[in-house]
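Biologist: Please put the chain on the screen. I would like to go through its contacts with you, one question at a time.

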Amino acid sequence: QVQLVESGGGLVQAGGSLRLSCAASGRTFTTYAMGWFRQAPGKEREFVAVISRNGGNTDYADSVKGRFTIVRDSAKNTVYLQMNSLKPEDTAVYSCAARMSVYTDIYYQDTYDYDYWGQGTQVTVSS
């Protein structure tokens, strides 16, 4: 089992940047594929960015491609989401998720693929 704690959210002006962190407990971080998802008020949770166990494969929602970057640091048991050129439509609660996987180079985009979730961190982008 793994516990996930997000941090780094906040209020930022459009065009600004934030870096979200997701710290995972336990010593088996490298056995989990990871993902970032977001949920805006009145909307369903949606995929933002995902990364494979070995960090070598990533994927992004079309709406964030070229602006967001997901990376993982196995030494720190942490996955990051660097968000640049933020837009008001990026406003949401951002949550990280983990899924144990036997595959080192596979990522998962569907929320139903993930077993563990953090509590979320609020990101608000003002215009």
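**Salt bridges**

Modeller: Asp-90 and Arg-38 form a salt bridge, with their closest N and O atoms 3.0 Å apart. A salt bridge here is a side-chain nitrogen of Lys or Arg within 4 Å of a carboxyl oxygen of Asp or Glu. This is a predicted model: local features need pLDDT of at least 70, side-chain atom pairs count only at pLDDT 80 or more, and totals for chains, interfaces and linings use all residues. Residues are numbered from 1 along each chain as its sequence is written, and side-chain values use heavy atoms, with hydrogens and water left out.

Biologist: How many residues apart in sequence are the parts that Asp-90 and Arg-38 tie together?

Modeller: Strands (E, at least two residues) are DSSP runs, numbered from the N terminus. Arg-38 sits in strand S4 (residues 32-39), while Asp-90 sits in the loop between S8 and S9. The pair therefore ties together parts whose separation in sequence is 52 residues.

Biologist: Are Asp-90 and Arg-38 buried or exposed?

Modeller: Buried means under 20% relative accessible area, exposed over 50%, and partly exposed in between (1.4 Å probe, protein chains only). By that rule, Asp-90 and Arg-38 are both buried.

Biologist: Which residues are linked with Arg-38 and Asp-90 in a network of salt bridges?

Modeller: The structure holds five salt bridges. The network contains Arg-38 and Asp-90, and its other members are Glu-46 and Arg-67.

Biologist: Which parts does the pair of Arg-99 and Asp-113 tie together?

Modeller: The closest N and O atoms of this salt bridge, Arg-99 to Asp-113, are 3.9 Å apart. The parts it ties together are 14 residues apart in sequence: Arg-99 lies in strand S9, and Asp-113 in the loop between S9 and S10.

**Aromatic rings**

Biologist: What kind of pair do Phe-37 and Tyr-114 make?

Modeller: Rings of Phe, Tyr and Trp (its six-membered ring) pair if their centres lie within 6.5 Å; planes under 30 degrees apart count as stacked, over 60 as edge-to-face and the rest as tilted. By this rule there are five aromatic pairs. For Phe-37 and Tyr-114 the centres are 5.3 Å apart and the planes stand at 75 degrees, so the pair is edge-to-face.

Biologist: Which residues form one aromatic cluster?

Modeller: Tyr-114 also pairs edge-to-face with Trp-117, at 6.2 Å centre to centre and 65 degrees between the planes. Tyr-114 is buried at 6% relative accessibility, and Trp-117 is partly exposed at 27%. The cluster is made of Phe-37, Phe-47, Tyr-114 and Trp-117.

Biologist: Which residue in S8 is the bridge partner of Ser-21?

Modeller: Strand S3 (residues 18-24) pairs with strand S8 (residues 78-83) in the antiparallel sense, over six bridges. In S8, the bridge partner of Ser-21 is Tyr-80.

Technical notes
Pairing = 2+ DSSP bridges. Helix = DSSP H or I, 4+ residues; strand = E, 2+ residues; numbered from the N terminus.
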